[in-house]
Amino acid sequence: MNHNIVHDIYSKAIEIGYLNCGILPLDEALEGYTEYLDSRYAYFPDDKEFKSEDNYKMAHPEIDYPWAKSVIICTVGFSDYHLPKSYYHRIGRLYAFDYRHEKDAEEHNWESQLSDYLISKNIRIAHLPDRGIVPLRHVSEKAGLGIIRKNNFLYTEEHGSFVSMSAWLIDQPLRLVHNHQFKSCPPSCHLCMEACPTKSLESPYTMHRRTCISPLTCKYPEGSDVTKEDIGLQFEGWLYGCDLCQEACPFNRKILMRPTKRDFPRQDEFAPFIDPEIILSMSDEYLEEHFQPRFWYMPKGSTWKWKANAMCALIADKNPKAGQLITPFLDHENPELQKTAKWAINHIKENHHN
Ligand code: B12
Ligand code: SF4
Ligand code: SF4
C-alpha cells in the first residue's frame, strides 16, 4: 500500500515536470540541522538578528504541524534558461528565473498541481510557497537528490547548483531516498571562497548574511545602507542577487558552458532596462509598477534601492559618466538616495574615476 503511494507521488511529480522527488520521515529529514544552525550562529553571532528564529522554526516543523509524519521534497532545474546578456553579473539566476511570482512560467503552477494531487489522495499537507517549510537544501541532500557543497549550495547531476526546491509536509509515514554517487568537493578546493568579493563565504559551509551581496542588494534590513563600511564598493556590479560563488565552482563549469534551451517569460520586457545608467534615469512609478512585481524581494516603496545599487554598479564599472549621472541625486527628496549619492560622489572624487 505504502509502496504504491510512494510510487504514485514520485510519478506524479515527474509527470508535472519536477527534476526529482524524494520523501523522508520528518525525524530523518531534519536530523542534524539544528546543530548546523548552532554552529553557523556560533561562527557569525551577529547573523542571529536576521530571521534566525525562522530558521530554527524550519528545523522543528512538528511544533506548528504536530500531525506531520514525512516531508516530500522536489527539485526544479533552471540551468537551461537563457540568461539575457544584460542580466549577466547583474541579476542572480534564481531571481532571473523566479517562477514563483511569474504566472506565465511553466513551473508556476507545479506546486499547486502537486498539492491538488496529494489532497485528491486524501493526504493532509502543509506547504509554504515562498520561503519553504523546511530547510530545503538539507532535506534534499538527505533524500539523495543532491549534495551540499562548501559554498552551501545543493548540487544535482543535471543542473549543478542551478536548482530550486519545494517541500510539503504530509501526514503519511512514507520514505523514498535515492542512491547517488556525487563526488565531494576536493579538500584543497577554495575557488568559491576566493571568488566571494566580500569574504562572506570566508570558509567552507559558512556565509555571513551581513556581508553577502545577495541580501545586501535586495533584502532589508541588510541592504538598507550600502555606504556602511563602504560595502557597496564591493558589489562588483551586481544589482539584485549574486552568483559568483556558484560560477567559480568546477562542478558548475560544464553546465554553464552548455547551450541554453528556453526563454523565461517576458524576459525581453526587462532586459533593456537592466543597466545601471538606465535604472538611474527610470521613473519611480515605472520601477514600482513594472519592476517590483517581478523582482519582488525588493518590497514596494523601495525603488530608491535599485538606484542606490545602480550607483554602486557605475562605480564598479568605472563608468566615466558616473559622477555626471549621480550628481542630480545629491539633493534627491529620498534621504537614503541622497546619502548614497553623497557617498558615491565622494568616492569618485577621491579616486579620480572621472
Ligand atoms: C533565507 C534564504 C536566503 C537568505 C539567507 C541565506 C542564508 N542564510 O544562507 C538570502 C536572501 C541571503 C538568500 C540568498 C540567496 N539564496 Co536563498 N534561501 C533562503 C531560504 C528561504 C532559507 C535558507 C536559510 O537561511 N537557511 C539557514 C542557513 C544558515 O542554513 P542552510 O543554508 O539551510 O544550511 C547551512 C547549514 O545548516 C549547513 N548544512 C545543512 N545541512 C548540511 C548538510 C551537510 C552534509 C553539510 C556539510 C552542511 C549542512 O550548511 C549550510 C551552511 O552552513 C532557502 C529556502 C529554504 N527554505 O531552505 C533559500 C535558498 C537556500 N536560497 C537559494 C538561492 C539560490 C539563493 C541565492 C543564490 C539567490 C541569488 N541568486 O542571489 C542567494 C545566495 C546567497 C548565498 N550565498 O547563499 C536556494 C538554493 C538553491 C541551491 N541550489 O542550493 C534556496 C534553497 C531557495 C530555493 N527556492 O530553492 N537566501
Ligand atoms: S552570493 Fe556572492 S557575496 Fe554571497 S557568499 Fe556567494 S559570492 Fe559571496
Ligand atoms: S568551488 Fe570547490 S570548494 Fe567550492 S563548492 Fe565548488 S568544488 Fe566545492
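Q: How do the residues of the shell around ligand 2 divide into nonpolar, polar and charged?
A: This is a predicted model, and in it the ligand 2 shell has nine nonpolar, three polar and no charged residues.

Q: Which residues surround ligand 2, then?
A: Ala195, Cys196, Thr198, Ser200, Leu201, Met207, Cys212, Ile213, Ser214, Cys242, Leu244 and Cys245. Two elements give two or more residues each to that shell: α9 (213–218) and α10 (244–247).

Q: OK, and what surrounds ligand 3?
A: Its shell is made of Arg149, Lys150, Asn151, Cys185, Cys189, Leu191, Cys192, Ala248, Cys249, Pro250 and Phe251. By class, that's eight nonpolar, one polar and two charged.

Q: Which helices each supply at least two residues there?
A: For ligand 3, those are α8 (191–195) and α11 (250–257).

Q: Where does ligand 3 lie relative to the domains?
A: Between them: domain 1 (2–170) and domain 2 (191–351) both give residues to its shell, so ligand 3 sits between the two.

Q: How many Å separate the centres of those domains?
A: The centres of domain 1 and domain 2 are 26 Å apart, taken over C-alpha atoms. As for contacts, 36 residues of domain 1 touch 40 residues of domain 2.

Q: What gives the most to the domain 1 side of that?
A: α5 does, with four residues. Both α3 (33–43) and α5 (93–96) supply at least two residues of the side that touches domain 2. That side of domain 1 has 15 nonpolar, eleven polar and ten charged residues.

Q: Switching topic. How many helices and strands are in the protein chain?
A: The chain has 17 helices and six strands. Its radius of gyration is 21 Å, close to the 20 Å from the globule rule for 354 residues, so the chain is as compact as a globular protein of that length.

Q: What box do the C-alpha atoms fill?
A: Roughly 70 × 40 × 40 Å along the principal axes. Of the 354 residues, 39% count as buried. Among contacts between residues at least 6 apart in sequence, 74% join residues at least 24 apart.

Q: Is α15 largely enclosed or open, and why?
A: Largely enclosed by the rest of the structure, because 13 of its 14 residues are buried.

Key. Residues are numbered from 1 along each chain as its sequence is written. Chains are lettered from A and ligands numbered from 1 in the order in which they are written. This is a predicted model: local features need pLDDT of at least 70, side-chain atom pairs count only at pLDDT 80 or more; totals for chains, interfaces and linings use all residues. The radius of gyration is taken over C-alpha atoms; the globule rule is 2.2 Å times the number of residues to the power 0.38. A residue is buried if 20 or more other C-beta atoms lie within 10 Å of its own, exposed if 12 or fewer, and partly exposed in between; C-beta atoms are placed from the backbone. Two residues are in contact if their C-beta atoms, placed from the backbone, lie within 7 Å. A residue is near a molecule or strand if its C-beta atom, placed from the backbone, lies within 6 Å of it. Ala, Val, Leu, Ile, Met, Phe, Trp, Tyr, Cys and Pro count as nonpolar, Asp, Glu, Lys and Arg as charged, and the others, Gly among them, as polar. Domain bounds come from an automatic or database domain assignment.
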